[in-house]
Each structure stands twice: as structure tokens, then as C-alpha cells.
Amino acid sequence: MHFIKNPKDFWAGILYIAFGIAAIGIAYNYPVGSAGRMGPGYFPRALGIILIGLGLILSLRALRLRGEPLSFPTFKPIVIIIGATVLFGLAAPKLGLVVATIILVIVSSTASEEFNWKEAVIASVGLAVFAWIAFARGLNLQLPVWPWFMG
Amino acid sequence: MEILSHLALGFSVAVTLQNVLYAFVGVLLGTLIGVLPGIGPVPTIAMLLPITYALPPVAALIMLAGIYYGAQYGGSTTAILVNLPGESSAVVTCIDGYQMARQGRAGKALAVAAIGSFIAGTFATMLIAGFAPPLADVALKFGPAEYFSLMVLGLIAAVVLASGSLVKAIGMIVLGLLLGIAGTDVNSGLQRYTFGIAELSDGIGFVTVAMGLFGFAEIIVNLEHRGKREIFTKGVSDLMLKWHEFKEALPAILRGTGIGSVLGILPGGGAMLSAFASYMVEKKLAKDPSRFGKGAIEGVAGPESANNAGSQASFIPMLTLGIPPNAVMALMVGAMTIHSIQPGPQVMTSNPDLFWGLIASMWIGNLMLVVLNLPLIGIWVKLLQVPYRLLYPAILLFCCIGVYSINNNVFDVFITAVFGILGWIFVKLECEPAPLLLGFILGPMMEENLRRALLLSRGDATVFVTRPISAVMLGMAVVMLLIIVAPSIRKKRDEAFHE
């Protein structure tokens, strides 16, 4: 898309417009009221309009002013880190803190270029023990420590 | 002397065995996390915040302030030894601090940073004690219209003083305001932007937002850029300054303290701006400016003092007006709200022991930095030598457990993941997350004051310009915007940030 001269600004503008439209769209049924008696829909709608306006300025200006290209060297870290976090969230209530910690640490470790299995496993066990002693016992965290079938 | 009796009250609250202990633990933990490369004060505070939930309010705030100082000093340590600034205000410290470390004077650089921070902190504490009461008296007379205009001014000033595109930054504020009002509307009881999810009826947790945008996004971006870090720890145990070094550093410390105290009250990049300004002043005043960038001790002493005075002075608008001038103070406001203290001018009269206790504990926190960090420097250096591939999974784990422990609910972990993705997108698009956090904290307050102001004026929007104080504040906001938009000045501003 050669007509976009400043992709960072352009897509930031598009993001603002999208959020603005979503904000107004979701607030569609919230009563607006009047300026003197503001309903719950008044402020969100006003913010949505401002956000769309700012987004338009950014995107249109980006067609004219030159800027740096977007850079995505690798998608590995974002996928793995977010994935590991979600796995932790899914595992913790059923499988308990220890297993969830081991999953989180090993999965997230693979995001590094210098990943090696042995080190990751040792680190995960060490952190699991630490989490058990420091958080589950010390801070009284309300998470099961062990999987449901072992408790 | 009223100020003395206030401070006496403060010290009587802060200097109990229990509170000194909390300040100590706060400084220790703050430094411990803050020294880790790539973690600035915001994710550090967000990560450690849940620990303070169970404490009584005074102790919690004292510990948080300790965490903040610790995190900041930890950041300076990383800047000096590894050339990695944890936040924008430490960038300047990197220039000469890292050079000093390369020359085997790491210990001296760290010592002068600690001494400078202590002197600056002492002065800024007095400044807060002196300035807070009159400012709060003025703020007590504010009506909703004045408050709304004050928030507009604060938010605009925060983005004007930051680097980067103005339109983008204002967009981030608006986005933050929108995210901030999600949850149950206080007036109508209507659930806004909750998608029928029960966990969202209290709004989105500010810790999850801060952790996702600052902590997670930071880890992801760090992993994308592979780079070798070189740590210079030679001479790190040699902390004693020679007399001539001290004589070189002291005027820089005093000037930095002055600059930081003045500029730090400004919203936004107060601390960063003071550090830059101090560095430029020192370079101008030096007999031989060519030493700068090659390990000049004034280049560490000045900016570090300015930075610390500035960040401490930023407590003033937060404590007296309830308006957070930067992302760290936004977290502090959030923390106070959790202990059901609404920050603002009334805190000083309704909770005097909390207010003055916090101020006294600031000085204690600064003292502990010197007493604690310099002798423990060996431990911090060891932490710095842990490879990043082992550090970040641990950081991630502490983030996840910290977020979980807020409500004992994994829902918050998922929300943090969502904000992690959003934060990563923001980094890619060069959108600063700090204005979003300010907007997020101020969102509900801003709507409430706008609503009340217009209710009182029966829908007449001119109330914001017919009430004099409100008009002046809005006028200042407009002038600031015009100054930035004017092309000639804009060019100079860009040059200043490039330096």
C-alpha cells in the first residue's frame, strides 16, 4: 500500500476510529439525556466522536507526511507469552498453582532464542517450589496448590 | 511554625517500628524488582501493589512510596551498570553513568546517585510539606466546573510535555477515559461496556491495565530484539568519593535539586524533563564541556538529583488536587481508592495522620535508599548478571500471581493478557501508554464533574469559561496546545528531544 506514507500513524488512526465506532455502537442503547441532565450515554458518545475525529486526522495526515515503516521482526514472543499467560489462567483453578507455574515457565521460556529444555525444566521446578512456599503459604493465596485429583 | 508541628505529627506516625519496617520492605522489594533490566517503576509498582492490599491504609501507602523510591533507584543502578534505562528519565543517567562504569568507577557513580537522590529527596519533602496545605486550601474552593477544567489542563499538560505525536497522545487519553468508565454507572446503575460479564461490573482493574500495557508489552518487545548486554561491575565496591570528586558533584546535586523541584510539579514528563534540563545546565556551566559523555561525575549527580526531586514533587498535584501528573501517580491514586481514600484536598483535613505520615515516610524512604542500597550493591549486581532468558519467565509468573491475587480470580489474568496484546500493538504503532493510564484513572472523575457542572448550570456549557478559575485553566490548556502546534516551536521541541 504505497499511498500510505506513514504506516505507524495511519494504523494508529484506524485503531482509534475502530475503538470510537465500537464505543458509540455499544453505547447505542444507553440513554443520552441532555447536557443539563446527562444520561449514561452522553459522555461515552462524546468521547467516541472525539476519538473518531482524532483517528481521522492521524490517518489522513499519514497519507501526506512520511514516517518509518512498521517492523515485525518476529511474532514468536507475542504468541508464546500471551499463550503461556492464558494457559496459566486456564490451568490454575483446576490443576493448581504448582502445575500451572511449571506450564507457564516452560512454555514462556521457549520464546527466547537461547531456549534449552534442561534449564527451563530446572527453572520451572525451582519457581514452582518458590511459588508454593512464598505465595501459597506466605501470602495465603486462595489457589489450590495441587491438581484436583490429588487433593 | 505550623509546618514543624505537621511534620512532627507525620514523624510520630511514620516512625513506629511497624511502619519503618514496611518502608524498609518496600524499598527492598522495589529495588529488587526495579533493578531487573527492562522493568520500569510502573510495572514494578503494579506487580507489588497486591501485597499492600491487606495492610492498613497508612502502612500500605508508606510501603508503596518505598517501593517507588526503590524501583527508581534500582532503575538508576541498571542504567549505570548495563546502559539500560528502565524509564525515560533514566536515559540521561546512562550517558555518563555507563561511561564511569566502563572506566571502573561504577561504585562512585552509584554512590553519587544515591547521595544526590537523598539530598534532592530531603529538599523535595520539605517542599511538599510547605506547598501542599496552601494548594489544598485553594483546591477546596473548587466546584465541579473548576475540577473538570483542572483535569483537562492536567491531561493536556501531560501530553504536551511528553515526546512524540500530540494527536496520538490525546487519542490515547480519550481511549483511556473510555476504558475508565467501563463498569456500573454510579448515577443510573446501568452497566456500561461490560458485555454482561459479572467481573466487569466494577470496571476494569487498573492493575491489570498497567501490568498488561507496561509489563507484558515490555517483555514481548525485549524478546524481539536480541542484543548482548555488557555489564561493567569493576570498581563497584569502591563507593567512597574522593574529596575533589565530592566538590565537583555537590553544586551539580544542588542545582539538579532546584531544577527538579520546579519542573517536577508539572504534569507529564516532569521527572524526565528535569533530568534533561539538569544535564544541559551542567554541560553549559562546566569549564570543560568535552568531559561530558565520557564519564563526568556531574553528568550523573545533576540529573539523578533532578530526577528524584522531580518525581517526589509530582506527589504534590496528586496529594493536594487528586490529579495524577504521571503514570506512577495514577497507580498511587488507584491504590488509595482501593483503601477507600479519595485523593484530593480533603485528605489533608480528613486523614491528617495519613497525609503527614506519608510525607514523613518519604524522607525515611530516601534515607533507607542510602543506608540499604549502597551496602547491598553486591546483591543487585548479582541479580543483573542473571541472563534474561531465566529472568523473564519469573517476572511473568510474579505478574500472573500478582494479578490473580487482586480478586482471587483468573479472569483478571485473561484481561491482563488482552492488555498485553494491546500494549504490544501500541509499541508497534509508537503510541505512548502513559497518557492512556492517566485517562483511565481520571475517566470516572471527569464524567462525574462534567455532569455535576452542567447540572448546576442547567445545561449551559459556558459555565466553564464564565467562572474565572475554570476559564484561566482552560485558557492555559489552549495556549499550551497552540504553542506545540506552532511549527517553529515544534521544530525546536523535536530537536530538544533528539539530543
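This is a predicted model: local features need pLDDT of at least 70, side-chain atom pairs count only at pLDDT 80 or more; totals for chains, interfaces and linings use all residues.
**View 1. Where chain A and chain B touch.** Let's start at the contact, to which chain B gives 53 residues and chain A gives 59 residues. On the side of chain B that touches chain A, the elements giving two or more residues are helix 8 (166–180), helix 9 (206–224), helix 18 (388–407), helix 19 (411–428) and helix 20 (433–456) of chain B. Which helix of chain B gives the most to this side? Helix 18 of chain B does, with 10 residues. Sorted by class, the side of chain B that touches chain A holds 33 nonpolar, nine polar and 11 charged residues.

**View 2. Two domains of chain A.** Here you can look for domain 1 (7–62) and domain 2 (76–138), as given by the domain assignment of chain A. Taken over C-alpha atoms, the centres of domain 1 and domain 2 of chain A are 39 Å apart.

**View 3. A pair of crossing helices in chain B.** Packed helices are described by the angle and the distance between their axes. In this pair, the axes of helix 2 (residues 17–34) and helix 4 (residues 57–82) of chain B come within 6 Å and cross at roughly 35°. The crossing of helix 2 of chain B with helix 4 of chain B is right-handed. Their contact has 18 nonpolar, 11 polar and no charged residues.

**View 4. Helix 12 of chain B.** Is helix 12 of chain B largely enclosed or exposed? Of its 16 residues, 16 are buried, so helix 12 of chain B is largely enclosed by the rest of the structure.

Definitions and conventions:
Residues are numbered from 1 along each chain as its sequence is written. Chains are lettered from A and ligands numbered from 1 in the order in which they are written. Two residues are in contact if their C-beta atoms, placed from the backbone, lie within 7 Å. Helices (H or I, at least four residues) and strands (E, at least two) are DSSP runs, numbered from the N terminus. Ala, Val, Leu, Ile, Met, Phe, Trp, Tyr, Cys and Pro count as nonpolar, Asp, Glu, Lys and Arg as charged, and the others, Gly among them, as polar. Domain bounds come from an automatic or database domain assignment. Axes are lines fitted to C-alpha atoms, for helices over the stretch in contact, and angles run from 0 to 180 degrees between N-to-C directions. A crossing is left-handed if the near helix is turned anticlockwise from the far one by less than a right angle, and right-handed if clockwise. A residue is buried if 20 or more other C-beta atoms lie within 10 Å of its own, exposed if 12 or fewer, and partly exposed in between; C-beta atoms are placed from the backbone.
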